[in-house]
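Hi,

Here is the structure I promised to pass on.

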Amino acid sequence: MTDPVQGFSRFTKEEKIRWIARRYTARPEATEDLLQSYWHADPALQQLHDEFIENTLSNFYLPLGVAPNFNINGKLYAIPMAIEESSVVAAASKSAKFWGSRGGFKTQVLGTRKVGQVHFRYNGDPNTLKAFIESAMPALMQESEGLTRNMERRGGGIHAIALRDKRQELPGYYQLHCEFETRDAMGANFINSCLEQFATTLEKEARTYPGFKGEDAPLEILMSILSNYVPDCRVRATVSCPVADLGQDNGMDGETFARRMIQAVKIAEADPFRAVTHNKGIMNGIDAVVIATGNDFRAVEAGVHAYACRSGKYRSLSHADISEGEFRFWLEVPLALGTVGGLTKLHPMVRLALEILGNPTAPELMEITATAGLAQNYGALSSLVTVGIQRGHMKMHLLNILNEQGASPEEKDLLIDYFKTHTVSHSAVTERLKKLRNPG
């Protein structure tokens, strides 16, 4: 066991690498070489990456792919996707091609409001507190003007402030529940700054409010923070076509396929074990776009999964039905995304991804991202209810297995051709590679 380190944050990057390599890895020199090999050749660009977070050692690469042919509301997109999992980009692309000739994807932003809260304790008369909040409202708005002015010029700002009595959950617990419009910004810094100003104003106003009878600190402010649960910042994506147009390459007729798809969705609505994996497939598409565009995929994940539980049970985010001979497949998800601020102007690959998307507004990015999630879900479900998930997934995974085994370019070509007509598994690939290398 190594001793605790003092002043690590003040080490140079080289000193940090040396310290980590020598204390925590078996081959320190190889570790140092590996970390340095992932540095960008342009020192200025590498410094930019170094300053995104603390204690940076190197860069961690994810593949950036693109899924073309997405017809969204009549406009054609190529969607950048940053993800390491095999078959995600392929499945999304296949779905885009399939639905592109059947009217494409239709999307609608259902709301863009975001939420933040000031959490506090108060043990006095609830009516007195309500009267105090009403009296403090002008001060709350006035003292936050310096923070909201620029956002208001862009059409955003504070939308609503309400006192919520949460004493049924915790004794003495109240919150100031606030709604915001942040336009093309994700808005976390704006919201948190406003909330902290609200807390300061509340404490100040409470000290002079007559109804509190001169108490030194009638309110105990606990914390002020945005919420990543944004059910009113929501988008819907839909595809639909006549059932007869759903015929599959494997010979399954459209009616049978539609029935099996609807049943698969109903299972995910009924069973949380299936719903989690079902929704994870949706997030394969959503997260890949969120990461590529420099947004906070952890916030998106948390908010989406909370939304999946809004009924009290974890359920499918997507839905399917048939009405008057028309098959419809859709999802609704909360997505708090931004196209300005954060990494959007700093990270060169993020700027490129947004450019490829036509420099969308935040609502447009919500629509694009939801579409990627729906496309991925459709691709996964259509495989599951027909040929199974592993056939396509393992063929995409084949190169990973070959790289793991150190296959040469010639060996890869031969084995890719062989497994066009054979089932891919880790053991089958390993065995075939051994026979290729040792034919005797």
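To start with the inside: which residues line the largest cavity? They are Met-186, Ser-227, Asn-228, Val-230, Ala-299, Val-300, Gly-303, Val-304, Pro-334, Leu-335 and Ala-336. Before going further, a word on the source: this is a predicted model, where local features need pLDDT of at least 70 and side-chain atom pairs count only at pLDDT 80 or more, while totals for chains, interfaces and linings use all residues. Residues are numbered from 1 along each chain as its sequence is written, and side-chain values use heavy atoms, leaving out hydrogens and water.

Back to that cavity (on a 1 Å grid over the protein atoms alone, a set of points where a 1.4 Å probe fits but cannot get out, with lining residues having an atom within 4 Å of a point). Its volume, the space filled by probe spheres set on the grid points, is about 70 Å³. Searching the whole structure turns up three cavities of 30 Å³ or more. H10 gives the largest share of the lining of the largest cavity, four residues.

Then there's the largest pocket (an open set of points with protein on both sides within 12 Å along at least five of seven lines), with about 1700 Å³ of space. It has 45 lining residues, and Phe-52, Ile-291, Leu-343, His-347 and Val-350 are the closest to its centre. Among the helices (DSSP runs of H or I, at least four residues, numbered from the N terminus) that each supply at least two lining residues are H2 (28-37), H7 (188-208) and H11 (348-356).

Two helix pairs are worth a look. The axes (lines fitted to C-alpha atoms over the stretch in contact, with angles from 0 to 180 degrees between N-to-C directions) of H9 (residues 272-292) and H10 (residues 297-308) come within 10 Å and cross at roughly 150°. H9 and H10 are therefore roughly antiparallel (over 145 degrees). In contact terms (heavy atoms within 4.5 Å), residues of H9 including Met-283, Ile-286 and Val-290 meet residues of H10 including Phe-297, Val-300 and Val-304.

H4 (residues 88-100) and H12 (residues 362-384) have axes that come within 8 Å and cross at roughly 95°, so H4 is roughly perpendicular (65 to 115 degrees) to H12. Here Val-88, Ala-91, Ala-92, Ser-95, Phe-98 and Trp-99 in H4 meet Ala-375, Gln-376, Tyr-378 and Gly-379 in H12.

Cheers

Terms used: Angles under 35 degrees count as roughly parallel, over 145 as roughly antiparallel, 65 to 115 as roughly perpendicular and the rest as oblique.
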